[in-house]
Amino acid sequence: MTLFSDAPIALVPAHTITEFPINTFLESIVVGSDNTLFITSHYDGKIYRIGADKNPIIHAEVDGKATGLALQSDGSLLLSGWNAENISVVWQISTEGNVKILATMPDAIFLNGLTHLTNQTYLIADSYKGAIWELDATEGKVKVWLEHPCLARKNLENEIPAVNGIKIFGNFLYASNTQNAEIIKIPIEANNQPGEPLVFVKNANIDDFAFDIQGNLYGTTHVFNSVVKIDSNGDITTIAQAEEGMVGTTAVAFGKAAGDRTSLYVTTNGGMSFPPPTGLESGKVVRLDVGIEGLPIL
């Protein structure tokens, strides 16, 4: 028995939006206010823009590797990753696709998920440091928001990331610890600082995730080639599998346009991290109709 093998299955409609060549590691996704999709390609540092015609266009490119992605209120993007010298950085990408380094973070190790906290403040997961950084996007200043054993790797020889995806629902920050197969729930105090973390779900190998307005969490399982729905009680249901195009699922985001708010967009790497017996597939963007509207972000 493997993780998720005993979870009930309730498949939702799935539609492949676009495909990329084999060995394209699509890593993260955000959706703009006009429903434009922005997607990172991890290894080649490209950020794609996908509009209504569903044709990917290179929006920007960085000299390094791209991981987490977040939208700012003015439509610009924040991108975490590391530069050609393997130093962790956060880039800012304008609506026209112009790139500048916002923050250089030599004390960070593996910047990953990125999410909005309040005003111009953002949080960034550091998968190998076992920490979450706080970024002031106006000043480009960073500091550790929380460093805690529940965010860290239990096995330092294992390359699988620890704290990975991070998202806010209500007054809590949720963080997936992929290596430890846990989702952590962290209270956000009145001063926007963290309270004591607790384990929300165990035995759930989650990469990135998103919330609907009811508080259900939709997570990518990456090497388990699926998307799962986790309700507020922690109960897990599989809603899409490899047959629906979920080989190597990496990230999810809800649509924002009227009539598209129940659409969950999923990115994949085609199995690059753990190839299936049938061989590598193309990187895909797949739309799932989950029937519940997504939580508004920014």
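Here is a short chat about a predicted model.

Visitor: What should I know before I start?
Guide: This is a predicted model, where local features need pLDDT of at least 70, side-chain atom pairs count only at pLDDT 80 or more, and totals for chains, interfaces and linings use all residues. Residues are numbered from 1 along each chain as its sequence is written, and side-chain values use heavy atoms, with hydrogens and water left out.

Visitor: How many salt bridges does a search of the whole structure find?
Guide: The search finds 2. A salt bridge here is a side-chain nitrogen of Lys or Arg within 4 Å of a carboxyl oxygen of Asp or Glu.

Visitor: Which side chain meets Lys167?
Guide: Asp208, at 3.1 Å, N to O. Lys167 lies in strand β14 (residues 163-169) and Asp208 in the loop between β17 (198-202) and β18 (209-211), so the pair ties together parts 41 residues apart in sequence. Strands are DSSP runs (E, at least two residues), numbered from the N terminus.

Visitor: Is Lys167 buried or exposed?
Guide: Lys167 is buried, and so is Asp208. Buried means under 20% relative accessible area, exposed over 50%, partly exposed in between (1.4 Å probe, protein chains only).

Visitor: And which residue does Glu281 pair with?
Guide: Lys284, in a salt bridge of 3.2 Å, N to O. Glu281 is partly exposed, at 25% relative accessible area. Lys284 counts as buried, at 10%.

Visitor: New topic. What does Gly140 touch?
Guide: Leu102, Ala103 and Leu135, leaving out residues up to four places away in sequence. Contact means heavy atoms within 4.5 Å. Gly140 sits in the loop between β12 (131-136) and β13 (141-147).

Definitions and conventions:
Helix = DSSP H or I, 4+ residues; strand = E, 2+ residues; numbered from the N terminus.
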